[in-house]
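Hi,

Here is the structure I promised to pass on. Have a look at it first, and then read my notes below.

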Amino acid sequence: MSEKNESEHGASNTDEALQQDGEVVEEEVVEGARVRRKGIYLLPNLLTTASLFSGFFAMVSAANSMFEKAAIAIFVSMILDGLDGRVARMTNTQSKFGEEYDSLADMVAFGVAPGLVAFFWSLNSFGKFGWAITFIYVAGAALRLARFNTQIGSVDKKYFVGLPSPSAAAVVAGLVWCFQGFEPQVWLKLLTVLVVAGAGVLMVSNILYRSFKDLDLRGRVPFAAILVVVLVFVVVTLDPGTVLFVGFLVYGLSGPTQALFRKMRRSKPVVSDGNEGDQ
């Protein structure tokens, strides 16, 4: 048997062995060479699992009419989702498996969970129309995440294309948290329809949203900045449901508002002073 055949045969046996044990295998570039590594990184994936569990807990709580706990669980999932990526970058433990796992966990925590929480809370009173509105949101989250995964590295990091799914989930969860103690009146049900359907549509829109990734949090700031941070924490503590709902609602509306202003500026006619022909 030639050296080439022996090499191919050995590689084939290695691939079969890796496939048989069911282990996750990824290629990494180490000093310019591609190296196959088995296994996954524990710490970032542990945080992703915790985020997934929070989304699952939100659905279970909503099914048992514990809507405040369900809304809080979605916000906890947002915090954990923000931590897993940062921890992976800080510890240099990024992986393709982690990216895929994080995307699936986001679909549960920011797609299915908020939709079901809103459905069990209010939309189920509309019958088929209610679950249709819920599906608009869930499908919007799925499409948003799929598009985001294909646009990584190809768009300006300063902006998100479409409303980010965690922000959309925060608007829906904030609405439930803010009004969960109210009687289910007609105006509140209509507001829920508007918020849930609107969030679903904004996620798949081409509207740009600031990502705030260009903010320099490592540089020095005036001393008064820390006082602003303290005031924000105080305000949130006074009525977290209302503050978070209003805050993320403003962010959700900021995209269409800025897009409208940009369109108005582009369509604004240029006024001539009448002296161009005299030059």
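What pattern of α and β does the chain follow when read along the sequence? The pattern is α-β-β-α-α-α-α-β-α-α-β-α-α, which comes to nine helices and four strands. Helices here are DSSP runs of H or I with at least four residues, strands are runs of E with at least two, and both are numbered from the N terminus.

Some ground rules before the details. This is a predicted model, so local features need pLDDT of at least 70 and side-chain atom pairs count only at pLDDT 80 or more, while totals for chains, interfaces and linings use all residues. Residues are numbered from 1 along each chain as its sequence is written, and side-chain values use heavy atoms, with hydrogens and water left out.

Now the whole chain. Of its 279 residues, 34% count as buried (under 20% relative accessible area; exposed is over 50%, partly exposed is in between, with a 1.4 Å probe and protein chains only). Take the contacts (heavy atoms within 4.5 Å) between residues at least 6 apart in sequence: 74% of them join residues at least 24 apart.

On to how helices pack. Two packed helices are described by the angle between their axes and the distance between the axes. Axes are lines fitted to C-alpha atoms, for helices over the stretch in contact, and angles run from 0 to 180 degrees between N-to-C directions.

Start with α2 (residues 42-63) and α3 (residues 67-90). They pack at about 165 degrees, with axes 8 Å apart, and are therefore roughly antiparallel (over 145 degrees; under 35 is roughly parallel, 65 to 115 roughly perpendicular, the rest oblique). By class, their contact has 16 nonpolar, six polar and three charged residues. Nonpolar means Ala, Val, Leu, Ile, Met, Phe, Trp, Tyr, Cys and Pro, charged means Asp, Glu, Lys and Arg, and the others, Gly among them, are polar.

N45 counts as buried because its relative accessibility is 6%. Leaving out residues up to four places away in sequence, N45 touches I40, F97, G98 and Y101.

Next, α4 (residues 96-121) and α6 (residues 165-179) pack at about 25 degrees, with axes 9 Å apart. That makes α4 roughly parallel to α6. On the α4 side, F110, P114, V117, A118 and W121 take part, and they meet S165, P166, A169, V172, L175, V176 and F179 in α6. By class, that contact has eleven nonpolar, one polar and no charged residues.

Then look at α5 (residues 128-150). Its 23 residues should span 33 Å at 1.5 Å a residue, and the end C-alpha atoms are 33 Å apart, so the two agree; the expected span is 1.5 Å times one less than the number of residues. Buried residues of α5 include I133, Y137, R144 and R147. What do the buried residues of α5 pack against? They pack against α4, β3 (159-161), α6 and α7 (186-203).

A146 also lies in α5, but counts as partly exposed because its relative accessibility is 41%. Its C-alpha atom is separated by 9.8 Å from that of M107, 39 residues apart along the chain.

Finally, find F126 in the loop between α4 and α5. F126 is partly exposed at 28% relative accessibility, and it touches K189 and V193, not counting residues up to four places away in sequence.

Cheers
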